[in-house]
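Here are my comments on the model. Please read them with the structure open.

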Amino acid sequence: MATTAQSQTITVDGRDVVITHPFKVLYPETGTTKADVVGYLTRIAPILLPHLHDRAVTRKRWIDGTGTAENPRESFFQRNLDDTTPEWIVRRTVQHKERTVDYAIANDASTLLWFAQTASLELHVPQWRFGPRGAHRSPDRLVIDLDPGPGTDLPECVEVALLVRDLLLERDLEALPVTSGGKGVHLYAPLNGSLGSDQATEIASDVADQLVSSRPALAVANMRKVNRDGKVLVDWSQNRAAKTTVSPYSLRGRTRPTVAAPRTWAELEAPGLGQMEFPEVLARVERSGDLLKPLLSQPIPSSKADAPQ
């Protein structure tokens with residue numbers, strides 16, 4: 001590895017990845033630099049890559065860093081790969097209703113470092129993967145996003161998460177919790193690939209409706225911003241084929257370098273729960289490995305290609 005004030009060249013996967021301005025601060029509140037982000041992605045790669053494998057990556061980029069709470073910097077989502085993309089980045093094409101998009105596929109550490117070079121802090125992916133014959137509507141996991149409304153926080157999200165866990169268990173689905181790195185909690189459940197995205201979405205929607213029916217003062221399933229004060233939004237919609245969720249182990253573009261961090265249920269129920277930053281996540285992985293391993297156990301059938309719209 002060669003480093004100067006202007007660039008850092010890292011050899012990984014047999015490729016030289018040039019990181020320009022490695023000491024540029026991307027998280028001003030903590031002084032976290034682009035080089036620090038590269039270091040995190042390098043160390044977390046063996047754990048993160050299986051959760052990204054063969055998925056279409058939508059990147060959320062902070063070119064000038066995240067800024068501060070008083071002065072947040074602008075960000076933007078980028079799906080399509082442009083002319084500046086290195087030739088060695090693996091890409092797969094999806095025909096959406098309105099346009100065709102060439103997505104990056106992150107199956108190796110060198111691609112993660114290129115993401116860091118482009119200040120792509122958040123990596124968002126669908127619940128389905130590409131197979132040998134194209135994109136599938138057959139998801140290998142179900143996700144429910146618990147987003148606290150005004151006047152609520154993580155404790156209320158945990159209360160809802162425990163209820164959702166029980167409702168999923170009634171459907172023989174094991175819920176695995178992730179503190180989102182933002183404000184709320186994500187719940188994942190492994191699927192065996194026998195359901196389409198529409199069917200998975202229906203299950204998640206039914207769970208949300210059942211919860212709201214039994215606890216209307218605690219939760220809401222309507223995606224609109226109205227009537228969310230004091231309630232947790234149970235977002236079931238991210239199971240649709242065209243939707244994405246920030247990947248487990250992805251950084252978040254917040255004022256501090258938080259991560260979408262897998263947790264144990266005991267942690268969720270313990271007092272003082274908070275979002276985790278990347279040094280804590282690295283220590284956790286070194287100590288306990290990947291808490292989301294059950295999500296990786298189900299292969300996707302490759303019998304038909306069916307690209308999301």
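1. Strand 13 contributes the most to the lining of the largest pocket: three residues. Strands here are DSSP E runs of at least two residues, and helices are H or I runs of at least four, both numbered from the N terminus. A pocket is an open set of points on a 1 Å grid over the protein atoms alone, with protein on both sides within 12 Å along at least five of seven lines; lining residues have an atom within 4 Å of a point.

2. Provenance. This is a predicted model, in which local features need pLDDT of at least 70 and side-chain atom pairs pLDDT 80 or more, while totals for chains, interfaces and linings use all residues. Residues are numbered from 1 along each chain as its sequence is written, and side-chain values use heavy atoms, without hydrogens or water.

3. The largest pocket holds about 630 Å³ of space. Its lining has 28 residues, and Phe77, His124, Asp145, Gln238 and Arg252 are the closest to the centre. Volume is the space filled by probe spheres set on the grid points, which are joined across faces, edges and corners.

4. Which strands each supply at least two residues of that lining? They are strand 6 (56-61), strand 10 (120-125), strand 13 (141-148), strand 15 (185-190) and strand 18 (245-246). By class, the lining has six nonpolar, eleven polar and eleven charged residues. Nonpolar covers Ala, Val, Leu, Ile, Met, Phe, Trp, Tyr, Cys and Pro; charged covers Asp, Glu, Lys and Arg; the others, Gly among them, are polar.

5. Strand 10 is largely enclosed by the rest of the structure, because six of its six residues are buried (under 20% relative accessible area, 1.4 Å probe, protein chains only; exposed is over 50%, partly exposed in between). Strand 10 pairs antiparallel with strand 6 over four bridges; pairing takes at least two DSSP bridges. Lys60 stands opposite Glu122 of strand 10. Strand 10 also runs antiparallel to strand 18, with two bridges. There, His124 has Val246 as its bridge partner.

6. Cavities are point sets where a 1.4 Å probe fits but cannot get out. The whole structure has three of 30 Å³ or more. Twelve residues line it, with His96, Tyr103, Ala241, Ala242 and Thr244 nearest its centre.

7. Most residues other than glycine have a negative phi. Asp13 has phi near 55° and is partly exposed at 44% relative accessibility. Asp172 has phi near 60° and is exposed at 73%.
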